[in-house]
Amino acid sequence: MRRYNVEIEHKYNDKLVGKHVFDGTRPLSTIGSSRNADIRLLGEGVEGIHAYIEKCEQGWKLIDAGSNQGVWLKKNPVDSVELT
């Protein structure tokens with residue numbers, strides 16, 4: 001069985017703030033401004049728990065956690081999208 005990692009770049013005001021790698025050891029990770037979030041994000045409009053990264057059969061899924069500003073992938077809004 002093949003294992004895939006996903007690398008996410010966090011940009012704020014068009015500047016790279018950090019990179020995060022998910023290797024599948026955790027099936028679900030949280031993204032947001034909360035101290036309890038697995039990945040903490042900067043910026044106005046970032047909710048405490050803003051989104052989730054979930055391991056699924058085909059790879060990874062990015063899921064909006066009901067945030068007011070939404071989740072964006074390559075400048076497109078998404079509710080839930082597979083990252084393959």
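This is a predicted model: local features need pLDDT of at least 70, side-chain atom pairs count only at pLDDT 80 or more; totals for chains, interfaces and linings use all residues.
Trainee: How many salt bridges does a search of the whole structure find?

Mentor: The criterion is a side-chain nitrogen of Lys or Arg within 4 Å of a carboxyl oxygen of Asp or Glu. Run over the whole structure, that search gives 3.

Trainee: Which residue forms a salt bridge with Lys 19 at 3.9 Å, N to O?

Mentor: Strands here are DSSP runs (E, at least two residues), numbered from the N terminus. Lys 19 sits in β2 (residues 15–22) and its partner in β1 (residues 6–12), so the contact ties together parts 12 residues apart in sequence. The residue in question is Glu 7.

Trainee: And which residues make up the network of salt bridges?

Mentor: Glu 9 also forms a salt bridge with Lys 19, the closest N and O atoms being 3.8 Å apart. That pair again links β1 to β2, this time 10 residues apart. Put together, the network is Glu 7, Glu 9 and Lys 19.

Trainee: Is Glu 9 buried, partly exposed or exposed?

Mentor: The cut-offs are buried under 20% relative accessible area, exposed over 50% and partly exposed in between, with a 1.4 Å probe and protein chains only. Lys 19 has 47%, and Glu 7 also has 47%. Glu 9 has 39%, so call it partly exposed.

Trainee: Which residue does Asp 38 meet in a salt bridge?

Mentor: Asp 38 is in the loop between β3 (28–32) and β4 (39–40), while its partner is in the loop between β2 and β3, 12 residues away. Asp 38 is partly exposed at 35%. The N to O distance is 2.9 Å, and the partner is Arg 26.

Trainee: Switching to strands, what is the bridge partner of Tyr 52 in β6?

Mentor: Two strands pair if DSSP finds at least two bridges between them. β5 (residues 51–56) and β6 (residues 59–64) run antiparallel with 6 bridges, and a hairpin joins them through 2 residues. Tyr 52's partner is Ile 63.

Trainee: Which residue in β9 is the bridge partner of Lys 61?

Mentor: β6 and β9 (residues 80–83) run antiparallel, joined by 4 bridges. The partner of Lys 61 is Glu 82.

Trainee: Which strand supplies the largest share of the lining of the largest pocket?

Mentor: On a 1 Å grid over the protein atoms alone, a pocket is an open set of points where a 1.4 Å probe fits, with protein on both sides within 12 Å along at least five of seven lines, and lining residues have an atom within 4 Å of a point. The largest one holds about 1100 Å³, and Glu 9 and Trp 72 are among the residues closest to its centre. β1 and β7 (71–73) each supply at least two lining residues. The largest share, 7 residues, comes from β1.

Definitions and conventions: Residues are numbered from 1 along each chain as its sequence is written. Side-chain values use heavy atoms; hydrogens and water are left out. Grid points are joined across faces, edges and corners, and a volume is the space filled by probe spheres set on the points.
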